[in-house]
Amino acid sequence: MSFLIKCLDCGHTTPYFPTSSNCPRCNSQWREAEYDYETLAKTLPLQLSSRPFDLWRYRELLPVRNSNPLLTLGEGGTPLIQAVNLGMMLGTPNLFIKDERQGPTGSFKDRQAAVTIAALKEAGITEMVASSTGNVAISYSAYASRAGIKLWAFVTSLVPAVKMREIALYGSQVIKVTGSYDQAKQVAAEFARQRNLYLDLGARTITSIEAMKTIAFEIAEQLTALQGQAPANGKPTIWRTPDWYIQPISGGMGPLGVYKGFHELKEMGLIERIPSIAAIQTEGCAPMVESFRLGLESAIPVASPKTHIETLATGDPGRSYTLLRSHILETNGTFESVTDEEAFRAMHVLAKMEGLSTEPAAAVGFAGLFKLVRSGVIKPHETIVVNCTGHTMAAEEFILGSNWTRDVEYPTQKSETPQEGLLSALNQVVPNRFPRIAIIDDTADARRLIRRILQSQGNFTIYEATNGQEGLGLIRRELPDLIILDLMMPEMDGFAVMDALKMDQETAHIPVIVATAKELTPDEKTRLGTQIQTLMQKGDFLNDEFLKEVEALIK
Ligand SMILES: Cc1ncc(COP(=O)(O)O)c(C=O)c1O
Ligand SMILES: [Zn+2]
């Protein structure tokens, strides 16, 4: 392993010591590792084929002299999952999720902790200080316990108590700071200074940025395995990269590292193009998004973040913004923000459509994806990878509220047979009647999509019909609370169904949402007249309006 540390400000290079945080020439703390890319380009691809799929398969590109198998918890090597349902809903079939929930403690921060703690152990550190919005402290604590390093974890009082308990369980000392995350960082720094302890410097920690790189390496290898090698243009091996890489950010360490990873692959001639990077924040704490919109090179800090998503509450990103901004401009990427509510909704959609239970911070990335696809920034044919940065675990109570279970008591009365008692107990569990919705559409995919979207948001009894005639029969028989009707169907189209419904007293009052694949002509609009409640383009189904409309109409 040969590499040097290069100062981003004066270019001075030095050997690497994990405990020296400043450039000896200009005192800058912004430095990065540089490797012998020319040699690695020839040797690494050959070595990879015989190595396990984990973070240490890229050890020649990591700043740890001897990787320590006794510390590893199985970090890295997370799956790249094709999001078929979500892709169908958004009209972006080439949608993939890098499932970082599958790290040892449930977030992408495990990469950072694995590499940083390995380097600190190697340097003989036995005690350290870190500030965190929760997950960093959880990851560091797990690895620190294995390494025999004592961690002082400074968190804000808004970090969910379950997360704090997990940090403590690993044996770390939790210090709860009443104040913002930026203030917690200041307290931690002062504590470390007074006691002369090693202080974690967030995105200025060389090992942490280096660890995040491995996400890029893995994505390129995994996409290549899934889609085959990219056209090589006479070069030996070309790995695939997505068109877009999306990640929710707080301080921005993730995408800073991922950019460096793709940049190194390009340097080694293994890929042709670095993906466009989209970094997503919550609206209540979006200093990077706002500064980017204003065209600023330095971020204006947000003094008091207003978001429930504490994980992403870095109000002052400092120089990380300036660096990330230049990468985002270079890759034709973007910064975007979403509301907490949009993130919570995305969390439900992801769980109910793709089987992935994420924490709200991770859902911010997906809410960002929805927004960027809807606004046309991301095009339907593009290949997209979203980093699913963390698992729900602790945050679930806040998101679901308390009304999500139904209790059944096993019958004890002697007079009944147990079966009868059980049946009646079970019958009380589920309301007899959920709002009933009929979907009439001749395309199976469209019906499946609408059904999934509805089911992802609440309890409905859903009926389906595949053409106008069948639909009319279904409506007359079931008298649903709401009809979702396609206009363009062979033989009896949506217009004819509407006319028939209006002629019949029993069905005339049932609200109808008309779903159409194309813009209506003025003539068609007149024909629909005032009969319908809502007209929706099919691509609009992810809009909150659709679900609000459904809720309003079935009341
Ligand atoms: C689950 C999750 N997602 C996203 C982030 C944002 O990370 P960063 O901005 O440091 O890359 C964090 C930070 O702790 C996190 O825990
Ligand atoms: Zn320097």
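Start by selecting Thr507 in this predicted model; at 1% relative accessibility, Thr507 counts as buried, because the limit for that word is under 20%. If you follow the chain to either side, you will see that Thr507 is found in the loop between helix H17 (494-503) and strand S17 (512-516). Now show the residues around this threonine: leaving aside neighbours within four places in sequence, Thr507 is in contact with Ile475, Arg476, Leu479, Ala500 and Leu501.

Next, go to another threonine, Thr116, which has its place in helix H3 (residues 109-122). Is Thr116 buried or exposed? Thr116 is buried, with a relative accessible area of 1%. When residues up to four places away in sequence are not counted, the residues that Thr116 touches are Tyr140, Asp200, Thr205, Thr207 and Ser208.

**The zinc site**

Now select the zinc ion (ligand 2) and display the side chains of Cys7, Cys10, Cys23 and Cys26, whose SG atoms coordinate the ion at 2.3 to 2.4 Å. What is the geometry of the site of the zinc ion (ligand 2)? The site is tetrahedral, and the angles among its four donor atoms run from 103 to 116 degrees. For comparison, the ideal angle for four tetrahedral donors at a metal is 109.5 degrees. If you look along the sequence as well, you will find the donor residues of the zinc ion (ligand 2) spaced as C-x2-C-x12-C-x2-C.

Cys7 is buried, with a relative accessible area of 3%, whereas Cys26 is partly exposed, with a relative accessible area of 35%.

While you have cysteines in mind, select Cys285, which is buried with a relative accessible area of 0%, and then Cys388, which is also buried, with a relative accessible area of 0%. How many disulfides does the count give? The count comes to zero disulfides.

**A tour of charged pairs**

Side chains of opposite charge can pair when their charged atoms come close. In this model the count comes to 24 salt bridges, and the next selections visit some of them.

Begin with Lys6 and Glu34, which form a salt bridge in which the closest N and O atoms are 3.4 Å apart. Lys6 lies in strand S1 and Glu34 in strand S3, so this pair ties together parts that are 28 residues apart in sequence. Lys6 is partly exposed, with a relative accessible area of 31%, and Glu34 is partly exposed as well, with a relative accessible area of 32%.

Move on to Lys185 and Asp182, whose side chains meet in a salt bridge (3.9 Å, N to O). Both residues lie in helix H6 (residues 181-195), where they are three residues apart, about one turn of the helix. An α-helix has 3.6 residues a turn, so residues three or four places apart point the same way. Lys185, at 31% relative accessibility, counts as partly exposed, but Asp182 is buried, with a relative accessible area of 15%.

Then select Lys213 and Glu264, where the side chains meet in a salt bridge at 2.9 Å, N to O. Since Lys213 lies in helix H7 (residues 206-227) and Glu264 in helix H8 (residues 253-267), the pair ties together parts that are 51 residues apart in sequence. Lys213 is buried, with a relative accessible area of 0%, and Glu264, at 2% relative accessibility, counts as buried too.

To finish with charges, select Lys98, Glu100, Arg111 and Glu218 together, as these residues are linked in a network of salt bridges.

**Along helix H11**

For the last stop, select helix H11 (residues 340-354) and turn the view until you can see both of its ends. At 1.5 Å a residue, the 15 residues of H11 should span 21 Å, and its end C-alpha atoms are 21 Å apart, which agrees. Now colour the buried residues of H11, which are Asp340, Ala343, Phe344, Ala346, Met347, Val349, Leu350, Met353 and Glu354. Finally, step just past the end of H11 to Gly355, which takes a positive phi of about 75 degrees.

Key
Residues numbered from 1 in each chain as written. Chains lettered and ligands numbered in written order. Predicted model: local features only at pLDDT ≥ 70, side-chain atom pairs only at ≥ 80, totals over all residues. Heavy atoms only, no water. Helix = DSSP H or I, 4+ residues; strand = E, 2+ residues; numbered from the N terminus. Buried < 20%, exposed > 50% of the residue type's maximum accessible area, 1.4 Å probe, protein only. Contact = heavy atoms within 4.5 Å. Donors = N, O, S within 2.8 Å, 3.2 Å for Na, K, Ca; no water. Tetrahedral: all angles 85-135°; square planar, octahedral: opposite > 155°, others 65-115°. Disulfide = S-S within 2.5 Å. Expected span 1.5 Å × (residues − 1). Salt bridge = Lys/Arg side-chain N within 4 Å of Asp/Glu carboxyl O.
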